[in-house]
Amino acid sequence: MAGNEILTVEGLARHFTPPVSVTDRLFGKKPVVNRAVDGVDLVLHKGETLGLVGESGCGKSTLARSIVGLYGLTAGAIRYDGELVQAKRTRAQRLAIQMVFQDPFSSLNPRMTVEQTLSELLRFHKLVPRNKVGERNRELMDLVGLPERALKQRPRQFSGGQRQRVGIARALALEPTVLIADEPVSALDVSVQANIINLLTDLQERLHLSVIFVSHNMAVVRQISDRTAVMYRGRIVETGETETLFDDPVHPYTKLLISSVPRLAEAGDVVEPDAVAAESGVEAAGENPMLAEIIGSAARGGTSPCRYADRCPAVVAACAVEPSLIVDPRDSGRSAACVHVAERKGVVA
Amino acid sequence: MTAPLLEVRDLHVDIPMPHGRLHAVRGVSLSVGVAESVGLVGESGSGKSLTLRALLGLLPRPARIVSGSVLIDGEDVTGLPAKQLHRRLTDTMGMVFQDALTALNPVMRVGDQIAEAPLRKLGKSRSEAKAVAIDLMTEVGIPDPERRYQLYPHELSGGMRQRICIAIALSTKPRLILADEPTTALDVTIQAQVLGVLRRLKQDENVGLLLVSHDLAVVSQTCSRLYVMYAGKVVESGTLLDLITAPKHPYTFSLLRSVPDPGHRVARLLTIHGQPPDLTDAIVGCSFAARCPFAEERCRQEEPVLEPVGSAPGTVIRKSACLRVDTAERWTAMVSEETVGQQ
Amino acid sequence: MSAATSIGPALPAVTGTPRRRRGRWNVPLVAGLTLFALIVLCAVCAPLLTSYDPIKQNLTDAFLAPGAKGHLLGTDAFGRDVFSRLLYGARVDLRVGVLAVISPFVIGSLLGLIAGWFGGWVDAVISRIVDMVIAFPFLVLVIALVFAMGPGTTSIYTAITLVGWVAYCRIVRGQVLIAKEQEYAMAARASGLPTWRILLRHLLPNVVLQAFVFSMSDIVLTLLAIVTLGFLGLGVPPPTPDWGTMIQEGQQFILDKWYMSTIPGLAVVLTGLALALIADGIVEKANK
């Protein structure tokens with residue numbers, strides 16, 4: 001797949017430092033830095049959908065917003081189509097990476113009609129000649145499956161699903177090649193989610209978009225994405241083809257995540273997920289002698305231990321040094337940030 | 001046949017609005033047996049939460065019960081004086097809410113919140129109440145309960161808080177727990193733990209469960225019998241297995257095919273067009289007709305009734321409110337034909 | 001398969017808002033506007049409604065009761081017709097009140113917009129100035145400034161602007177802090193629109209409503225400030241008719257000639273009522 005990358009993220013970090021009051025500063029109090037995104041490497045190939053999953057607070061939305069340029073980078077770099085994206089993006093770069101937001105009720109300007117919203121972008125960026133703006137508006141409505149008369153309406157006159165279609169049209173107006181969708185269906189009713197998932201799938205095929213689909217919903221990610229990246233406390237802990245990642249997870253966190261997702265159980269076949277076993281691990285964290293040992297040796301060696309060590313059922317001494325993504329010896333398309341990956345050599349699934 | 005633990009008959013709930021009445025619950029009847037786990041499934045606005053809240057007199061203002069009766073152990077308690085009724089209901093049922101943080105008192109130690117009911121309602125002494133609270137905390141899987149007894153809600157994680165709420169609900173020794181989307185606000189790994197707690201309660205303590213959720217998968221993890229609600233009515237009921245393997249209402253049918261399954265990927269999800277009807281208007285015909293892939297002319301005029309459909313005698317009665325229920329076997333084929341037709 | 005055909009049938013019905021019936025009368029707005037229009041009409045048509053000169057003194061006809069000698073509301077201590085003073089006073093008061101609110105409104109809103117959006121040191125500087133101004137009572141500061149600049153309408157405008165903008169600045173800043181976290185503001189940034197355009201076209205229309213509602217009550221507060229200034233001899237210079245001066249002049253005769261103060265007072269109340277109704281109506285309309 002080399003050479004096929006449209007977007008590359010290298011060591012991206014975004015930390016937030018809360019403001020410290022003057023009095024606290026006088027007493028030398030240091031702010032607690034929130035390392036929302038803490039060194040992420042990610043590759044998006046042309047024409048693929050990459051699912052980005054993780055639990056709340058893992059930094060997936062911050063990562064998405066950093067990629068779009070809404071947040072500056074604390075460290076790391078973003079390459080678009082091989083070229084380094086500078087802090088001040090070129091116009092082409094800015095338009096090429098667009099975002100669909102999560103909350104259809106706050107993502108549209110309540111005072112503007114759909115037509116005003118779209119026309120503003122088309123005119124300002126001179127995307128079509130002035131006399132073609134109306135035509136392009138209608139095309140966009142058709143593209144997202146809304147009737148033409150929707151152009152004259154304001155956000156409050158739409159249902160959640162319809163607003164999300166407008167939000168998609170707004171992103172598409174700028175003719176992007178990369179679309180970042182940040183939890184685009186999680187605020188919608190279950191019966192409406194499929195509409196938006198199918199629409200995004202269709203648009204992706206039709207417009208040859210490359211999509212990063214951010215979600216906490218594992219089932220939705222499995223349905224929509226070609227590859228999946230799992231995020232935990234600011235880092236990617238595993239990436240791979242969606243099917244293999246879901247069927248045979250490598251990283252202990254991915255295993256826990258996937259086994260925790262409730263499935264439609266046939267009666268009598270209620271699965272007791274590993275989560276219950278792992279939960280005792282969470283609570284007994286302090287008592288695990290291996291954990292105490294690696295925290296100690298990490299402190300002595302000046303390294304940081306694996307960020308999943310405190311919840312992990314398979315901690316070993318090597319976990320004192322946080323591993324970066326290690327390629328699975330059996331499957332070059334897949335990697336995980338776990339010392340156990342290398343042991344998989346020779347094991348045939 | 002013994003009477004069910006809880007029975008609700010023909011419940012109607014209205015919400016007065018500036019421009020008319022919103023008829024939110026439109027004649028819901030349901031029952032929960034002793035130590036039975038029952039799920040109530042529907043999307044937002046289907047009236048599922050209001051139904052649950054109406055049972056404990058916890059309707060948000062200005063919603064009110066218009067009519068309906070509640071039977072406990074087969075006895076109609078609706079006519080009892082307000083105080084007695086409240087007592088009867090709260091003795092039988094405990095409630096767990098979606099948002100554990102706001103459901104707890106932020107300035108009171110969580111242990112004391114659990115011990116409150118044993119202390120004040122069951123007349124236990126202070127030390128007895130504390131012992132009961134610690135037992136309950138152990139029961140809902142809170143490790144190190146003596147230490148956590150002393151903590152305040154904000155010092156606990158979301159999953160722990162929800163367990164505290166379950167312990168509070170259990171503290172009055174109810175025979176039935178009502179749970180309103182208890183895991184919706186939680187992360188999946190935590191959700192799995194809380195669902196495990198609810199499952200164990202039924203197995204070990206013989207406590208019944210009435211679980212409200214929009215997520216069929218969550219319900220399927222804990223419940224053996226389901227009611228599916230749409231636009232203020234129950235449109236289908238039956239055992240979990242029957243409902244998910246052979247749905248007899250197009251709404252259940254569509255929902256099962258429109259929600260992605262984490263176990264596998266499908267070529268294309270089924271889409272349910274449009275949106276639920278406005279409940280301030282009178283609904284003519286079937287409330288799902290406008291969105292139903294199988295609707296025909298009479299569905300838009302005749303209102304379907306929730307009726308038993310082909311169950312063998314002695315089994316749980318299977319009910320569906322669909323005029324075209326006789327075609328249910330062919331639905332899968334009809335939908336795939338339609339999709340092929342489009343392509 | 002073609003995506004177009006599969007999207008086609010997915011066309012959802014655009015239903016409009018089912019939960020809202022349109023075409024209902026906005027009662028407060030209509031009532032407020034009617035009342036205010038009536039007051040303005042009286043002010044504009046003052047020469048047609050009365051034949052008396054509001055500043056012409058006629059000491060022989062002083063203290064006439066309402067209705068006497070064709071004086072509809074009687075005369076004051078200098079024998080001037082109260083009714084015509086009331087009408088001409090409306091011209092002065094409405095003009096000063098409205099004008100003295102426009103510039104604080106504009107300046108305060110813009111500074112609030114800037115402080116809220118950019119944050120950091122810009123916000124720190126603006127907010128500290130606001131805190132300093134707010135630390136003094138409104139009237140004390142206005143009086144001090146007018147005193148320094150000398151009495152007259154220009155001084156009143158300037159003083160009220162210098163002190164009054166802080167309220168608008170605080171209101172708008174608070175609203176901007178909320179609005180900039182809304183996803184529509186982020187969407188505007190993500191679509192590469194320049195900052196000034198996001199501020200003026202996307203944020204301002206959404207945050208200005210609260211400031212506008214406040215400005216309605218601020219007009220009445222400004223009227224009262226002008227009354228107070230008049231009381232101290234720093235207001236609209238006599239003999240120009242204005243409601244504040246009329247109330248003040250009448251108060252010494254309040255026991256036997258109650259109408260002298262009460263009627264201009266009523267005029268102030270009615271104007272305040274009209275403006276409050278308009279504010280209510282606009283909020284209702286905006287939330288529709």
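Which domains does the domain assignment give for chain B? In this predicted model, the assignment gives domain 1, covering 6-223, and domain 2, covering 244-342.

## The two domains of chain B

The C-alpha centres of domain 1 and domain 2 of chain B are 30 Å apart. Contact between them involves 10 residues of domain 1 of chain B and seven residues of domain 2 of chain B.

On the side of domain 1 of chain B that touches domain 2 of chain B, the elements giving two or more residues are strand E2 (20-32) and helix H9 (216-222) of chain B. E2(B) gives the most to this side, with five residues. By residue type, this side of domain 1 of chain B has four nonpolar residues, five polar and one charged.

## The annotated domain in chain B

An unreviewed UniProt entry places the feature "domain: ABC transporter" at residues 6-256 of chain B.

## The annotated regions in chain C

For chain C, an unreviewed UniProt entry places the feature "transmembrane region" at residues 29-49, 96-117, 129-149, 155-172, 207-234 and 263-283.

How much helix and strand does the chain have over residues 29-49 of chain C? Residues 29-49 of chain C are 95% helix and 0% strand, and their end C-alpha atoms are 27 Å apart. Residues 263-283 of chain C are 100% helix and 0% strand, with end C-alpha atoms 30 Å apart.

Conventions:
Residues are numbered from 1 along each chain as its sequence is written. Chains are lettered from A and ligands numbered from 1 in the order in which they are written. This is a predicted model: local features need pLDDT of at least 70, side-chain atom pairs count only at pLDDT 80 or more; totals for chains, interfaces and linings use all residues. UniProt positions are given in the numbering used here, feature names are shortened, and annotations may be inferred rather than shown by experiment. Helices (H or I, at least four residues) and strands (E, at least two) are DSSP runs, numbered from the N terminus. Domain bounds come from an automatic or database domain assignment. Two residues are in contact if their C-beta atoms, placed from the backbone, lie within 7 Å. Ala, Val, Leu, Ile, Met, Phe, Trp, Tyr, Cys and Pro count as nonpolar, Asp, Glu, Lys and Arg as charged, and the others, Gly among them, as polar.
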